[in-house]
Amino acid sequence: MCERIKYQDIKIWYLHSAYENILDHKFAYRDNLSDPKFSSRDNFIQEWKENEDEWGYAYYDWETNFDCPIEYFMFYVISLITNCAKGQVAHDFFMKKIKSFLDENDLQKMISDFTSEEREEFLSDLKLVLNNQEIE
């Protein structure tokens, strides 16, 4: 078993990444704060483009940054929750990843080193995902 990142840390990093991506991609003033030629009227929020959102940016930031299979599994659970039916394609993608992981791995073995609090939090989120698989 590899040394893994805790569920809460992945969640915090992912949420922080979404927040930072909003600041970096949507608030035009952020790049201009130190430039005296820009005035306050140069500050604006860029509109979201079709199929663009903060979670896509956060997913891109983290999609290849894990070492352990359980980290990826936790990441997919978080990703599915944060995307929360924003689009069928993303929902289906994450649900397929989650189901595939469960089919190919012994979940109890994979979470055997979780603390009781971490296990409870993660399994609660996983249960939420598995009990709400369809978008209405």
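I started with a pair of helices, and found that H3 and H4 cross in a left-handed way. Left-handed here means that the near helix is turned anticlockwise from the far one by less than a right angle, while clockwise would be right-handed. My helices (H or I, at least four residues) are DSSP runs, numbered from the N terminus.

A note to myself on the ground rules: this is a predicted model, where local features need pLDDT of at least 70 and side-chain atom pairs count only at pLDDT 80 or more, though totals for chains, interfaces and linings use all residues. Residues are numbered from 1 along each chain as its sequence is written, and side-chain values use heavy atoms, with hydrogens and water left out.

**H3 with H4**

I looked up the axes, which are lines fitted to C-alpha atoms over the stretch in contact, with angles from 0 to 180 degrees between N-to-C directions. The axes of H3 and H4 cross at roughly 150 degrees and come within 9 Å. That makes the two helices roughly antiparallel, a label for angles over 145 degrees. Next I listed who is in contact (heavy atoms within 4.5 Å). H3 brings residues including Ile70, Phe73 and Val77, and H4 brings residues including Phe94, Ile98 and Phe101. By class, I noted 12 nonpolar, three polar and one charged residues in this contact. Nonpolar covers Ala, Val, Leu, Ile, Met, Phe, Trp, Tyr, Cys and Pro; charged covers Asp, Glu, Lys and Arg; the others, Gly among them, are polar.

**H2 with H3**

H3 has another partner to check. The axes of H2 and H3 come within 10 Å and cross at roughly 170 degrees, so this pair is roughly antiparallel. Trp55, Tyr59 and Trp62 of H2 meet Phe75, Tyr76, Ser79, Thr82 and Asn83 of H3.

**Phe66**

I finished in the loop between H2 and H3, where Phe66 is found. Phe66 counts as buried because its relative accessibility is 5%, and buried means under 20% relative accessible area (1.4 Å probe, protein chains only), with exposed over 50% and partly exposed in between. Leaving aside neighbours within four places in sequence, Phe66 is in contact with Ile5, Ile10, Glu71, Tyr72 and Phe75. Ile10 is 56 residues from Phe66 along the chain, yet their C-alpha atoms are separated by 9.7 Å.

Definitions and conventions:
Angles under 35 degrees count as roughly parallel, over 145 as roughly antiparallel, 65 to 115 as roughly perpendicular and the rest as oblique.
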